Amino acid sequence: MSTPRIRYSVAALLLLTVLGAGSALAKPFVFTAIPDDNEARLRERFDKIAAYLSKQLKVDVKYVPVKTYAASVAAFKNNQVQMAWFGGLSGLQARSAVPGSQAIVQGEEDRQFVTYFIANAATGLREGTELPKAIAGKTFTFGAKDSTSGRLMPEYFIRKAFGRGPDEVFSRVGFSGDHSRTIQLVQSGAYEAGVLDFTVWDLDKKAGKVDPAQVVVIWESPTFPDYQWTVRAGVDQTYGAGFKEKLRAALLAIDDKAILDQFARSKFIPAKNSDYDPIEEVGKVTNLLN
């Protein structure tokens, strides 16, 4: 009488093992992105990426939004996400927190990124080949505190131009939180000047959100490396041998104009950690890396 029960128990155990293996294989691949733009635009952009990658990789891919740059790095560190669209600085922070993680893909424009300094038209500031000295004494807003193009590099350029930190150059310094918000604050006159990612300026301008009678670009910065897709160490162990390279290939193969236009990128190209060494050096100089 005991033999059938033993066989049943072994069969049940085998079934549970198979089901467990299937669940592991079906584990969603989750990614996030720094919240550098308005939430609706981010959701549209990255939901498209999630749908595309799900189809290409035959894995359930999900985009999970976060509220702050620090939250994106924390989610990556805590393995709540396996990949993220980071800026130069946040990517460095994430890879430092999870050794073995890699920058795998960047936009063509991210090799030589620029930041725009903008001003309310009432200031009388106009575009020039150098950061205008007359910006000193004005009220000024950065983007997010951990933004590469909205804080780190602009602060570096300000220090180079004036030999002083932003708090000594401007009458009041603020942080808008994201690039689109920076445009709104300067355009409304809440701040006299600010700085932001040039791609967001271009996107908002195309969307009719920039009034050239109220806000103008006054300086385009020198180039620097910026955004990239960074993947967490260990994804091949979780999703199968060669998964990281399949992921890289899928991202590089994106040629859908609807997706690329959402990023304001012409195409995606390979990236590696050392591409962001200049950002690390600036982070150390400005003491903003941590």
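**A cavity, a helix and a sheet**

Student: Which helix provides the largest share of the lining of the largest cavity?
Tutor: Helices (H or I, at least four residues) and strands (E, at least two) are DSSP runs numbered from the N terminus. Three residues, the largest share of the lining of the largest cavity, come from helix 8 (residues 198–206). The name asked for is helix 8.

Student: What kind of model is this, and how are its residues numbered?
Tutor: This is a predicted model, in which local features need pLDDT of at least 70 and side-chain atom pairs count only at pLDDT 80 or more, whereas totals for chains, interfaces and linings use all residues. Side-chain values use heavy atoms, with hydrogens and water left out, and residues are numbered along each chain as its sequence is written, from 1.

Student: How much space lies in the largest cavity?
Tutor: On a 1 Å grid over the protein atoms alone, a cavity is a set of points where a 1.4 Å probe fits but cannot get out, and lining residues have an atom within 4 Å of a point. Grid points are joined across faces, edges and corners, and the volume is the space filled by probe spheres set on them. Residues lining the largest cavity include Asp36, Arg45, Trp85 and Arg265. The space in the largest cavity is about 60 Å³.

Student: Which strands stand at the edges of the six-stranded sheet?
Tutor: The six strands form an open, mixed sheet in the order 2-1-3-10-4-11, where two strands pair if DSSP finds at least two bridges between them. Each edge strand has a single partner strand, so one side of each is left without a neighbour in the sheet. The edge strands are strand 2 (61–63) and strand 11 (268–270).

Student: Which residue is the bridge partner of phenylalanine 31 in strand 3?
Tutor: Strand 1 (residues 29–33) and strand 3 (residues 83–86) run parallel and are joined by three bridges. In strand 3, the partner of phenylalanine 31 is methionine 83.

Key
1 Å grid on protein atoms, 1.4 Å probe; cavity = no way out; pocket = protein on both sides within 12 Å on 5 of 7 lines; lining within 4 Å.
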